[in-house]
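Have a look at the structure first, then work through the points below.

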Amino acid sequence: MLYKKNSQKTLSKELFKNPTSEYRGTPFWAWNDYLTKDELSRQIEIFNEMGLGGFHMHVRTGLKNQYLSEEFMGLVKHCVEKAKSEKMLAWLYDEDRWPSGAAGGLVTKDEKYRARCLLFTTEKDGEVYVSDDSRAEGGRSGNGKLLACYDVVLDKDGYLESYKRINETDEAKGTKWYAFLEISGKSSWYNDQAYLDTLSVEAVKKFVEVTHEKYKETVGNEFDKTVPAIFTDEPQFTRKQVFDNSFDKDDVCMPWTDSVEELYKKTYGADILDTLPEIFWDLKNSKASVHRYRYHDFIAELFAQSFADTVGNWCGENNVALTGHMMEEPTLESQTAALGEAMRSYRSFGLPGIDMLCNLREFTTAKQAQSAVHQFGYEGILSELYGVTGWDCDFRTYKYQGDWQAALGITIRVPHLSWYSMAGEAKRDYPASISYQSPWYKQYSAVEDHFARVNTALTRGKPIVKVGVIHPVESFWLHWGPNDKSAIFRDSCDEKFQELTNWLIEGSIDFNFISESLFPTLCEKGSNPLKVGQMEYDAIVVPACETLRETTLERLEGFRKNGGKLIFMGSAPTLCDAVESNRGKELYDASECIEYSRSAILTALDSNRTVTLRFADGNLADNLLYQLRQDNTCKWLFVAHSKEPHNKDTDRGNDVRITVEGEYIVTVFDTQNGDEFPADVTYMNGKTIINEHIYGYDSFLYKLEDGKKETSAEKKEVKEENFDTPYYVDYTLSEENALLLDMAEYKLEEDDEFSKKEEILRLDNILRERLNLRKRGGAVVQPWVYGEKAPITKVTLKYTFESEIDYSGAFLALEDADKAEIIFNGNPVKNETIGNFVDVSIFKVKLPDIVKGTNILLVTLPFGETQNLESMYLLGDFGVRVMGRDAKIIALPEKLYFGDIVNQGLPFFGGNVTYKIPVTVKNNHLTVCTSFYRGALITASLDDKEFGKIIYPPYKAEIPAENGEHILSLKLYTNRFNSFGSVHLSDKMEHWQGPDAWRSEGNRWSYEYIFKRTGILKTPVIKN
């Protein structure tokens, strides 16, 4: 049990004010270098300082310690013990990178445990498929086992006219197709092994034996104590494919395993190979194929039984929760391709989870997990969030992403990603690092304190949800055919799926999905209200499903017979278990039938509302959503934004009326500071109306207690005068300025001349290709697999730069400094390191004086398969001017103006900037507003005493002060994009900030530097 304190009858003021570790974020801690106990301990202490409640020990690209070895497990045990001493939680992770199952290749060294697929092809022989992608793609291995041959005849329109099984040597009247069982070959992503056969119970048990049993042996005594759960990441089966066009002869693959034929026959009493072509081609007029439907249902169930049930049962038996998330849950298309059905596997999770990358908004993903959690009565939901948002993602977006997810039930936040090290490829592993490498890390508790306080309330009690929606994925399966025939139907199904989810959530109708596969075990009979597990629904919506299960129809018929509100949207179902039937139409005719539209469904469910969110003008607040919970004698209501503001800098807010059925005394629980105060409340017709002025990043937590107490917010009239703020001010920097060195001439030790200047990662690839070495990137074999390989040569990098000033006291920051031979302006440099720059893997070496004019830096490094070339940095109290792709050293500006610091001598600077503003205080008070900034946050101080943080609209800080002359300091916490980001990526619309963003090609590549604006971009408004 994770939330043990929730057994207390009420939420204590102390727990809300100072939430403990179980309510706090627990980031993915990227174990991506050679790990030591001392450094691990130091970083755990940093996590504590950041307001985090623990960490997930997550192996990422770069790990050098032998995975699952005695040494590795000793480090795990050490971290568990350290977490215990810090009153934090240590979460386990079950894989080397992802997806879960191969144990870094330790399991799949044995071919019998490797992923399989069915290859459907017109060619007995062909090119062997090789992939380094983490997705479980199938293809030809060159050693496939022939399962069957077919004579397939398509009509003139590409529909399946006829087919039959034939012998291998028979001629075909139509086209001859072969079905092969293929076993996955080696992939560098799986350390030159392969992914797991997740459709095989035997293979998954082997994975559990190799991984989970090892963790149990090492830290099992802390299960359900310091170790609450084991995270499984993106388990999946071999991805389903379709033909682009019906007449194509391209290979297609579908998930398969050795036991499919035997188990399918036990389930359906039929040979699956007899009807296999119906999986791939549409019947005439796209008529539904029961054999296609059965295949998809069979594979989905086999996958859930083999992976989730096997791992989940082990976790249940060993008193530790299974958590994590499945692969690609958001759309009907994506989950069909990778999982069959997302919700089915949640039955075996103690803490189901989701993955939310790129600042996306996937209501469907969250709702599916939340629905299962509600129905099974699980404690909470986990979310892996903030991944792939880039270095420049700020606290505003962190709050927005976390808020809407909290409203949809997320209680366990797993920020993605906190790096152990930035060495080599690790620094491009989906930044930002939510850890000590980011200049704002000491302020991050402002984010975590808020969500921890939200969690103290939203983990209590039971959700109040009155509407159920039948999940439409099984009707979607009917259209898994060639794109030219079926894609239009699939697109329509997915469009409706997304629309309905958004209409309800943003129309103040909370709901749960009902999985047809889980329905029979969760719902005994069709009562009214309809009891589905721990939930009871007053209204059920059937959203344009073409087929329903017999078990679904039985329960819906009982619900309707007992007076339940059953709503069919769109057309009536014509199939039962994919077979033609009138049963669905008969139920349709006996129920409420509406068109498939927003207005129709919101009108039909109007009487089922418990909370309604409207703007002051009466329109539904379609940018807000909520969660309502019953907690003993009180209720908790959380309201948050479903959309991020289009323009975060000019947010004036909106007046909103929050109407709750029933009469309540309402208290605001301020999640920013832990205070409590009465809400602005009125009453009408037995309803409670909460009045708020809501800005774009606001969220509100209310406690509702039975009773009636009308209150109104105090409105203070404060007369203030504008202060004439200077626009050109003194400043300080938190660290040395930097000149990025990422463009170098180069030569190997056997070369006579330097080659022309090239960007460092491109240069690295050029040398690897020349030396016949594997190129680097996101998908590389882990260092722990083969160990450090001896370099095969040396490379000398030549950096030439201009300086407008003589400067003494510069440093060179670089990785592998102990192996470098450095010559600066002809003078050998001792490579003695003096501290670190940003990260434990980047070292500072003192340089001789920089001279006015031309300077030449030569750095010689060993090079080979396991040696990396990375950017270097010149550090010092100098300025930098960039001209396209060139940069030179200049004097630091004496003052900064409000605007982009990139143009003020700080283009590559990634530390924090403090603006010093002289002010004259009157009336013992100052108000400062900084509404236009680019950075993570701003802190406001007067005479070095901090008074508050400026993060969210209306971007104000109230500062009490004695009258007279003072210095107002506004400290902008920036980010590392301009120093470590993809500064050569010209595609500004690219949101996938992973390794490839640094290695763009063609029109997406620019040798000229492309920066992100940074700074307080307009003069602050100061009043007193």
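Strand E54 (residues 937-942) is joined to strand E57 (residues 964-973) by six bridges, and the two run antiparallel. Keep in mind that this is a predicted model.

**Who faces whom**
- On the E57 side, Leu942 stands opposite Leu968.
- On the E55 side, Leu942 stands opposite Lys945.
- E54 and E55 form a hairpin with two residues between the strands, and Asp943 there takes a positive phi near 55°.

**Is E54 buried or exposed?**
- Six of its six residues are buried, so E54 is largely enclosed by the rest of the structure.
- Leu937, Thr939 and Ser941 point one way, while Ile938, Ala940 and Leu942 point the other way.

**The nonpolar cores**
- The largest nonpolar core has 310 residues, and Trp31, Ile601 and Leu797 touch the most other members.
- Helix H8 (residues 290-317) gives this core its largest share, 13 residues.
- Another core lies apart from it, with 24 residues, including Leu613, Val656, Tyr664 and Phe700.
- Setting aside neighbours within four places in sequence, Leu797 has contacts that include Ala744, Tyr746, Ile760, Leu763, Leu857 and Met872.
- Glu745 is also among the contacts of Leu797.
- As a rule, nonpolar side chains tend to be buried together in soluble globular proteins.

Definitions and conventions: Residues are numbered from 1 along each chain as its sequence is written. This is a predicted model: local features need pLDDT of at least 70, side-chain atom pairs count only at pLDDT 80 or more; totals for chains, interfaces and linings use all residues. Side-chain values use heavy atoms; hydrogens and water are left out. A nonpolar core is a set of buried Ala, Val, Leu, Ile, Met, Phe, Trp, Tyr and Cys residues joined through side-chain atoms within 4.5 Å. Buried means under 20% relative accessible area, exposed over 50%, partly exposed in between (1.4 Å probe, protein chains only). Helices (H or I, at least four residues) and strands (E, at least two) are DSSP runs, numbered from the N terminus. Contact means heavy atoms within 4.5 Å. Two strands pair if DSSP finds at least two bridges between them.
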